[in-house]
Amino acid sequence: MEQSILLQAKIAFFLGNFNKVLEIWQVNDYDDDYYYFLVSRALIAARELNPKTIRLTKKPSSKLLEITDIVSRFMGPLIEQQKLDTTIDEDRKQIEDVLKKLKDIIPQQNQKIIQIICAYMSVNSCEAQYALQLELQKDAFQQELLYLQFILYLRGRRFDLAESTLLDLRRFDDEDILTYLAQIYLNLYNGQPEQALKSIQETKDRFGDSAKLMNLMITCLIHQNKFEEAFELGQKVKTMIIDNEQFSDRQEIEICLSNLIILSEMLNKQQQKEEYIQVLEQINKSCHFLKRYQEKVKKIEQLS
């Protein structure tokens, strides 16, 4: 039963269904560091987005409060502040500084949290492998680290190492949500949208639908030049997670709006494009897509 609670929360979290994560937490008492690590990130998102669809009535335990405080102070802000033009030495120093601070405040039994926070920092940095050097026992923390390692290899276009890491994920648990998601991303990065769509459907059949899977499907449709179909699906995602205020991972909200902005431009839907830009600015003015898009528009205006 307890393992089922952790599994349900993990599936909901990685599909971006934060509402479900907090629903599970509010009706179950389960003492586990990784479970608290999942719940803490959903609680932080709830605090930032203040969704109307969830009402928090349960008082967090002292351990959950401690982990939430650590994640809030170190993980979220530093990931958001990562710059795309930093050097390897700058990234390494930033991670080293965070490691030192974390080791000073985190009890020895929670050292796994240090490792995974630094791994998330590495996802947006040049120094991809630096935070993945420690050997951890085979548990949920190690599985998420493997998944992060897989993402890092994909971003570095090291498909051979990504495929090798996917095999490690399969050996860890062939039926886990992270293994399914990794297969989708590998297909996408390899330029195989048809295979990615097949993997998305298998994931939906196994775990249910979500905004994350719908966003991935939109990406596949864009790769297939099916822009109208992608735009219609993007509007459905927006209705689900923004208009109907379904509490989801903010990243999925930003991806949804970013896709709609790109598709509106491709389909010459200028008024809708401006509306989506305004909504995205309200949610996160500093998101990477918005910055890049505004820079592109500025360059075009200078040339015209």
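These legends describe several close-up views of a predicted model.

**Figure 1. Overview of the predicted protein, which has 15 helices and zero strands.** The protein has 304 residues, and 50% of them count as buried. Take the contacts between residues at least 6 apart in sequence: 65% of these join residues at least 24 apart.

Figure 2. Leu43 has a relative accessible area of 12%. Under 20% counts as buried, so Leu43 is buried.

**Figure 3. Glu66 in helix 4, shown with Tyr36.** Glu66 belongs to helix 4, which runs over residues 62-81. With a relative accessibility of 31%, Glu66 counts as partly exposed. Along the sequence, Glu66 and Tyr36 are 30 residues apart. In space, their C-alpha atoms are 9.6 Å apart.

**Figure 4. Helix 8 packed with helix 9.** Two packed helices are described by the angle between their axes and by the distance between the axes. Here helix 8 (residues 159-172) and helix 9 (residues 177-189) pack at an angle of about 160°, and their axes are 10 Å apart. Angles over 145 degrees count as roughly antiparallel, and helix 8 and helix 9 are therefore roughly antiparallel to each other. The crossing of helix 8 with helix 9 is left-handed. On the side of helix 8, the contact is made by Phe159, Ala162, Glu163, Leu166, Leu169 and Arg170. On the side of helix 9, these residues meet Leu178, Thr179, Ala182, Gln183, Leu186 and Tyr189. Eight residues of this contact are nonpolar, two are polar and two are charged.

**Figure 5. Asn225 in the loop between helix 11 and helix 12.** The loop joins two elements of the model: helix 11 spans 211-223 and helix 12 spans 227-243. Phi of Asn225 is near 60°, which is a positive value in a residue other than glycine. Asn225 has a relative accessible area of 56% and is exposed.

Figure 6. The relative accessible area of Glu252 is 3%. This value falls under the 20% limit for a buried residue, so Glu252 is buried. Not counting residues up to four places away in sequence, Glu252 touches Ala211, Lys212, Asn215 and Ile241.

**Figure 7. Asn268 in the loop between helix 13 and helix 14.** Helix 14, on one side of this loop, covers 270-283. The phi angle of Asn268 is near 60°, a positive value, and the residue is other than glycine. Asn268 has a relative accessible area of 67%. Over 50% counts as exposed, so Asn268 is exposed.

Definitions and conventions:
Residues are numbered from 1 along each chain as its sequence is written. This is a predicted model: local features need pLDDT of at least 70, side-chain atom pairs count only at pLDDT 80 or more; totals for chains, interfaces and linings use all residues. Side-chain values use heavy atoms; hydrogens and water are left out. Axes are lines fitted to C-alpha atoms, for helices over the stretch in contact, and angles run from 0 to 180 degrees between N-to-C directions. Helices (H or I, at least four residues) and strands (E, at least two) are DSSP runs, numbered from the N terminus. Angles under 35 degrees count as roughly parallel, over 145 as roughly antiparallel, 65 to 115 as roughly perpendicular and the rest as oblique. A crossing is left-handed if the near helix is turned anticlockwise from the far one by less than a right angle, and right-handed if clockwise. Contact means heavy atoms within 4.5 Å. Ala, Val, Leu, Ile, Met, Phe, Trp, Tyr, Cys and Pro count as nonpolar, Asp, Glu, Lys and Arg as charged, and the others, Gly among them, as polar. Buried means under 20% relative accessible area, exposed over 50%, partly exposed in between (1.4 Å probe, protein chains only).
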